[in-house]
Every structure is written in C-alpha cells, then in structure tokens.
Amino acid sequence: MREFNQAPALELLPAVDVASGKAVRLTQGEAGSETSYGDPVDAAETWVDQGAEWLHLVDLDAAFGRGSNAGVIRRVIKNVRGVKVELSGGIRDDASLEAALATGAKRINLGTAALENPEWAANVIGQYGEAIAVGLDVRGTTLAARGWTREGGDLWQVLERLEEAGCARYVVTDVTKDGTLQGPNVDLLRQVMEHTERPVVASGGISSLDDIAALRELVPLGLEGAIVGKALYAGAFTLAEALDVASD
C-alpha cells in the first residue's frame with residue numbers, strides 16, 4: 001500500500017469540446033449527437049474555479065473538417081491563463097500546428113495526421129517533443145480518423161511506428177465508450193501501457209468517482225491522466241470530488 005500512496009496523483013483534464021461556438025458533448029463521437037452546454041469560456045472557467053490544472057480543449061468543427069472555432073479557442077485559452085491546455089482538433093499540417101501552438105496551449109494533440117501522414121507526424125514529434133501528444137482513438141483494435149468517421153489502421157502497428165518516432169505521450173480513447181457514461185475501457189489502457197513506457201492519458205466513458213478510483217490504480221503502470229467530460233456536465237460528481245479521489 002505504501003508504494004501506491006507514493007504514486008503521483010492522476011491528472012484530470014475536464015473537456016471543453018467546441019462546435020458552432022458552443023460547448024457541447026457528443027455520444028460516441030458522432031456528429032449530430034451534440035448536447036449544448038453554452039459558452040465555452042464559461043464552461044472552462046467553471047472547471048478552473050473548481051480546481052482544474054489542465055483543460056482538454058477540442059475544436060470539433062475542425063476535427064470533422066466542417067469549419068473552425070479558432071476565435072473561440074483563443075478566447076478560452078486567454079481567459080484561463082495559468083491553467084495548462086491540451087488542444088485538439090483538425091491539426092494536420094504546419095500551418096494548423098503553428099496556429100495551435102500560437103494560442104498558448106501547453107500541449108497539442110495530433111489525431112488524424114498521425115495516422116494519415118506519419119512522416120510529417122514523426123518530424124513534428126522530433127521537433128516539438130513534449131509539446132506533442134498523439135490521440136489513439138480506438139474501436140476494438142482499429143484506429144478511427146477524421147472525426148472518427150474513417151478507419152485509420154491497426155492500433156499496434158501505428159503505436160510501434162509512433163514509438164520509433166519518439167512520441168512523448170498518448171491520449172487513448174475507446175470511441176464506443178465516449179460520451180456514454182459506461183465506464184472507461186481499463187483493459188485497453190492496460191494493453192497500451194504494456195506496449196509503451198511513455199505516459200498515457202485515458203479518455204472516454206468515465207461515469208462515476210469509482211471510475212476515477214479505478215484509473216487512479218493504473219498510475220503506477222504509466223497512466224498519467226484522464227479526460228473527464230459528460231459526467232461533469234451531467235453533474236454525476238463535481239470536479240473537486242473527482243480531484244480528491246484522483247489524488248487519494
């Protein structure tokens with residue numbers, strides 16, 4: 001038990017997903033399944049007021065290739081100075097990456113580009129190191145790309161390639177769990193952590209404080225953090241309660 005108590009806390013990243021200028025949550029990442037939660041700046045400030053040290057900020061319109069919320073994204077980051085932001089959505093080339101870094105985000109999460117343009121992704125990983133994470137969005141062992149609308153290859157083959165490129169961190173999402181409040185896919189997370197010594201961030205399915213506690217137990221295995229979305233917005237628990245469990 002002493003070893004467990006010495007493990008660092010599980011970092012929690014409340015999610016702020018932006019579509020058409022609003023904070024929304026999707027079910028299983030499907031366009032058209034949005035539930036709106038109002039102004040993204042207000043949502044971000046709520047989580048910061050409750051103790052968030054990280055935010056997971058996503059431009060869903062950019063991820064789906066149907067537009068951009070760049071102005072809103074910049075406004076959110078400007079309003080939460082002092083809090084670290086992981087930014088995701090539609091970052092697929094030098095121009096979009098430079099624009100994302102210019103927002104002041106601490107970390108950029110590559111998704112589709114890491115699958116469809118591995119050479120570019122490897123160069124970016126080599127150039128920016130810790131500032132780049134790669135999102136592994138999974139159905140079974142098949143990766144999902146383009147806002148989860150297309151298949152993106154075999155998880156283990158892609159992971160091996162990213163390991164060779166020196167990827168600093170992985171954000172692992174079970175697409176079938178995301179936004180469903182059915183609990184995280186602990187088996188998937190364990191399998192990924194067996195294939196890498198890099199830190200892993202869990203995403204998708206967290207529904208209760210028990211789920212946070214179960215993920216907390218994976219910290220000694222390499223789980224660094226967890227993205228929490230719908231459960232917070234639905235009021236299943238407060239961020240303060242979750243942070244308490246994550247650091248227990």
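Author: Let's start with a word we'll need: a residue is buried when its relative accessible area is under 20%. Keep in mind that this is a predicted model.

Reader: Okay, so why is Asp-17 called buried?

Author: Set its value against the cut-off: Asp-17 has 9% relative accessibility, and buried means under 20%. So Asp-17 counts as buried.

Reader: Where does Asp-17 sit, and what is it in contact with?

Author: Asp-17 is part of strand β1, which covers residues 11-19. Leaving aside neighbours within four places in sequence, its contacts include Lys-22, Arg-25, His-56 and Leu-60.

Reader: Which residues carry the "active site" label, and where does the label come from?

Author: From UniProt, in an unreviewed entry, which puts that feature at Asp-17 and Asp-137. Asp-137 belongs to strand β7, residues 132-139.

Reader: Is Asp-137 buried or exposed, and how do you know?

Author: Same test again. Asp-137 comes out at 15% relative accessibility, and the limit for buried is under 20%, so Asp-137 is buried.

Reader: What makes the pair Asp-137 and Thr-173 a polar contact?

Author: Their side chains are joined at 3.5 Å, and the cut-off is N or O atoms within 3.5 Å. Asp-211 has one as well: its side chain meets that of Ser-207 at 2.7 Å.

Reader: Tell me about Asp-211, then. Why is it called buried?

Author: Its relative accessible area is 14%, and under 20% is what we need, so Asp-211 is buried. You'll find it in helix α10. Not counting residues up to four places away in sequence, Asp-211 touches Gly-183, Pro-184, Gly-205 and Ile-206.

Reader: Now helix α12. Which of its residues are buried?

Author: Leu-239, Ala-242 and Ala-246, in a helix that runs over residues 239-246. They're on the same side of α12, because they cover an arc of only 60 degrees around the axis.

Reader: Why would residues spaced like that point the same way?

Author: An α-helix has 3.6 residues a turn, so residues three or four places apart point the same way.

Reader: And what covers the buried residues of α12?

Author: The cover includes β1, α2, α10 and α11.

Reader: Last one: what lines the largest pocket?

Author: Its lining has 16 residues, and those nearest the centre are Asp-59, Ala-70, Ser-96, Ala-99 and Ala-100. Helix α5 gives the largest share, four residues. The volume of this pocket is about 250 Å³.

Terms used
Residues numbered from 1 in each chain as written. Predicted model: local features only at pLDDT ≥ 70, side-chain atom pairs only at ≥ 80, totals over all residues. Heavy atoms only, no water. UniProt positions renumbered as here; feature names shortened; annotations may be inferred. Helix = DSSP H or I, 4+ residues; strand = E, 2+ residues; numbered from the N terminus. Buried < 20%, exposed > 50% of the residue type's maximum accessible area, 1.4 Å probe, protein only. Contact = heavy atoms within 4.5 Å. Polar contact = N/O pair within 3.5 Å; in protein donor to acceptor, adjacent residues only side chain to side chain. Arc of directions from axis to C-beta. 1 Å grid on protein atoms, 1.4 Å probe; cavity = no way out; pocket = protein on both sides within 12 Å on 5 of 7 lines; lining within 4 Å. Points joined across faces, edges and corners; volume = space filled by probe spheres on them.
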